[in-house]
There are 2 protein chains.
Amino acid sequence: MLKAPQHQVAGHEAAGVGNLGPLVDGSGSFYKPLQDDKRGSNEVAFYTLLSTNNGIPPHIRRFFPRFYGTQHIEASDGSGLLPHLVLEDLTLGRVNPSIMDIKIGSRTWAPESSEKYIEKCLKKDRESSSLPLGFRISGLQIYRSKELGFWKPGKKAAQKLSTEQVKLVLRRFVSSNTLNDLDLKPDCAFASTVYGGSTGILSQLLELKAWFEDQTIYHLYSCSILVTFEKELALQGKNPGAQIKLIDFAHVYEGLGVIDHNFLGGLCSLITFISEILTAPSECKIDVSAKVDQKNLTDSDGIVVHDQKKLTDFDNGVVADQKNITNSVNDVVPYQKNLTDSVNGVVADQKNLTDSVNGVS
Amino acid sequence: MLKAPQHQVAGHEAAGVGNLGPLVDGSGSFYKPLQDDKRGSNEVAFYTLLSTNNGIPPHIRRFFPRFYGTQHIEASDGSGLLPHLVLEDLTLGRVNPSIMDIKIGSRTWAPESSEKYIEKCLKKDRESSSLPLGFRISGLQIYRSKELGFWKPGKKAAQKLSTEQVKLVLRRFVSSNTLNDLDLKPDCAFASTVYGGSTGILSQLLELKAWFEDQTIYHLYSCSILVTFEKELALQGKNPGAQIKLIDFAHVYEGLGVIDHNFLGGLCSLITFISEILTAPSECKIDVSAKVDQKNLTDSDGIVVHDQKKLTDFDNGVVADQKNITNSVNDVVPYQKNLTDSVNGVVADQKNLTDSVNGVS
């Protein structure tokens with residue numbers, strides 16, 4: 001019996017009547033409907049060729065989901081038999097996984113894309129955190145407790161997080177005290193077991209980075225890193241199963257002798273954010289204005305998220321708050337101001353500098 | 001007595017009547033006129049604050065030109081006293097330097113730039129090699145011999161080089177056999193002494209890379225790495241003075257806790273190109289079509305470039321050839337085609353793949 005995945009944080013969702021989205025069979029397969037334009041066939045081609053590509057070392061191959069071919073199955077929207085990619089179900093066996101879908105790269109479009117597509121993507125890259133950070137959180141869920149369920153902010157809200165908010169979310173992702181009070185400073189209790197260690201997230205990201213510094217096979221646009229772990233296992237002192245996987249390959253191009261500098265740059269940016277948490281887990285600044293900001297983000301929190309319907313409502317609820325978030329962000333984090341206003345804490349008065357130059361005459 | 005620099009490969013040039021450009025005094029100072037919009041004051045602010053910034057380690061500080069303040073001097077275009085940045089003359093003491101000005105980053109504009117500026121830069125990034133390669137060669141000169149002078153292709157031609165052409169130019173830059181026949185396969189005779197070694201270009205680029213993986217002080221847009229060495233010294237078995245410097249800081253922004261992923265990505269891309277030459281100096285493919293291509297680029301070659309006037313003519317000459325180059329590039333290097341056509345040599349037939357998917361139904 002196929003059903004909508006329980007733990008989907010980004011992308012089209014099958015939940016609800018008349019929605020086309022992926023399905024899972026509960027025994028390890030994830031059915032992703034082929035998008036009906038070129039994207040669907042592109043992704044099939046990618047997975048098909050990936051399996052025969054000897055240029056990908058085994059320690060990197062494990063970051064890609066397994067591919068079991070394509071299959072026509074009854075689509076989730078009731079539109080009849082549609083072709084689906086059959087992929088590894090990445091959340092199989094996970095009970096209450098905390099998940100982040102992080103779209104890598106400040107640019108989600110290839111140089112050879114159509115004008116219309118470039119325009120659409122560029123707008124989204126500029127409106128989201130992709131341009132300033134080199135990545136954006138496409139969606140996430142953080143497990144809190146049996147009673148409280150998941151914290152799952154709306155996708156649109158997640159994508160537009162400011163730098164400081166992304167730092168906060170990355171800390172909250174590995175904290176124990178998101179359980180009760182989301183206004184609390186994240187304690188980063190699981191940072192060392194989830195992000196750190198020889199098999200942790202940072203270690204995996206660094207393996208990926210080393211490969212991207214060298215590989216000229218693929219340029220991955222609009223591709224995500226899916227980060228997963230189980231907080232309950234961490235609480236029990238067990239291995240929390242921290243894992244990264246690369247997903248979404250509808251916009252992959254040949255590297256043609258050039259590294260994927262766009263992906264690599266964004267990946268390095270994400271790595272510095274994670275490293276920072278491991279280096280200084282307690283250095284999480286939440287000032288008064290950041291709290292206000294955070295409050296807006298969490299207006300729809302505290303709901304026990306159990307079924308897909310509620311998730312959707314929740315999502316829409318946060319989207320409605322989008323405006324508040326954006327407004328408060330402007331108050332909290334001074335958006336990258338020109339260097340002439342202040343460099344590294346040294347406040348320079350642009351006017352004075354200009355005047356002093358003119359004063360030489 | 002101030003005069004136009006002898007070895008300028010990019011930017012506005014003072015040579016010729018009525019041109020505003022930088023001047024040198026022959027004793028170590030380079031006078032760069034302040035651009036009269038915000039760019040000029042931005043660059044002054046950058047240099048002023050750089051000198052007081054303790055966050056820049058000494059081994060990185062050496063990559064920036066020395067700054068001696070600002071001064072009003074008689075402008076090169078005869079328009080009277082104008083404010084100039086007084087900087088270190090980076091070619092002082094160089095007799096016949098080979099020089100490349102490499103603008104780093106696939107994006108030359110900051111997220112907070114004006115719509116008009118973004119549109120202008122994006123167009124240039126897309127038309128040049130910036131978008132595909134993560135950098136573009138803004139200008140270059142390669143010393144050939146006393147008789148032949150310099151090989152100095154036009155700036156516009158340099159910026160639009162294809163991937164294969166950039167690889168060729170980076171090899172030609174360190175070859176001895178650019179002396180007589182530019183159609184010859186570059187021998188990369190000086191690769192190990194110029195690019196390689198503990199003080200060579202690659203080593204310097206890697207130092208810079210390590211810093212950019214970490215520093216969140218600056219975001220450098222439209223900034224260049226100037227690569228210089230003296231072929232005559234290399235021929236004499238002496239230290240060729242291989243050196244990189246960062247130049248052009250009119251578009252620097254605060255990092256605000258985020259690394260400069262745009263600069264870092266482009267820098268890593270350049271590093272792979274240089275590394276490749278050191279790893280396999282003899283693996284330079286020039287096929288028949290590439291030769292044709294190369295011929296177009298070198299139509300104006302063979303001229304002994306001695307004075308600034310000729311340089312300008314030469315430049316315009318190559319610009320006139322621009323169309324030819326672009327056309328031939330399309331023939332030579334298949335522009336990044338969608339992965340579905342071919343991945344890593346495995347040629348997949350997009351149509352067949354799609355058909356086979358449909359065939360499952």
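In what order do the five strands of the open sheet in chain B stand, and with what pairing?

A: The model is a predicted one. In its chain B, the five strands of the open sheet follow the order β7-β6-β5-β9-β10, and their pairing is antiparallel. The edges are taken by β7 (149–151) and β10 (243–247) of chain B; each has a single partner strand, so one side of each lacks a neighbour in the sheet. From one strand to the next, the twist averages 20°.

Within this sheet, strand β5 (residues 97–104) of chain B runs antiparallel to strand β6 (residues 135–145) of chain B, and six bridges join the two. Here Ile104(B) lies opposite Phe135(B) of β6(B). Packed on the sheet is helix α6 (residues 163–172) of chain B, which touches β5, β6 and β7 of chain B and whose direction makes about 35° with that of β6(B).

Helix α6(B) also has a helical partner. Two packed helices are described by the angle between their axes and the distance between the axes. For α6(B) and helix α10 (residues 261–279) of chain B, the angle is about 55° and the axes are 10 Å apart. The two helices α6(B) and α10(B) are therefore oblique to each other, and their crossing is right-handed. On the side of α6(B), the contact is made by Thr163(B), Val166(B), Lys167(B), Leu170(B) and Arg171(B); α10(B) contributes Leu270(B), Phe273(B), Ile274(B), Glu276(B) and Ile277(B). The residues of this contact between α6(B) and α10(B) comprise six nonpolar, one polar and three charged.

Key
Residues are numbered from 1 along each chain as its sequence is written. Chains are lettered from A and ligands numbered from 1 in the order in which they are written. This is a predicted model: local features need pLDDT of at least 70, side-chain atom pairs count only at pLDDT 80 or more; totals for chains, interfaces and linings use all residues. Side-chain values use heavy atoms; hydrogens and water are left out. Two strands pair if DSSP finds at least two bridges between them. Helices (H or I, at least four residues) and strands (E, at least two) are DSSP runs, numbered from the N terminus. Axes are lines fitted to C-alpha atoms, for helices over the stretch in contact, and angles run from 0 to 180 degrees between N-to-C directions. Contact means heavy atoms within 4.5 Å. Angles under 35 degrees count as roughly parallel, over 145 as roughly antiparallel, 65 to 115 as roughly perpendicular and the rest as oblique. A crossing is left-handed if the near helix is turned anticlockwise from the far one by less than a right angle, and right-handed if clockwise. Ala, Val, Leu, Ile, Met, Phe, Trp, Tyr, Cys and Pro count as nonpolar, Asp, Glu, Lys and Arg as charged, and the others, Gly among them, as polar.
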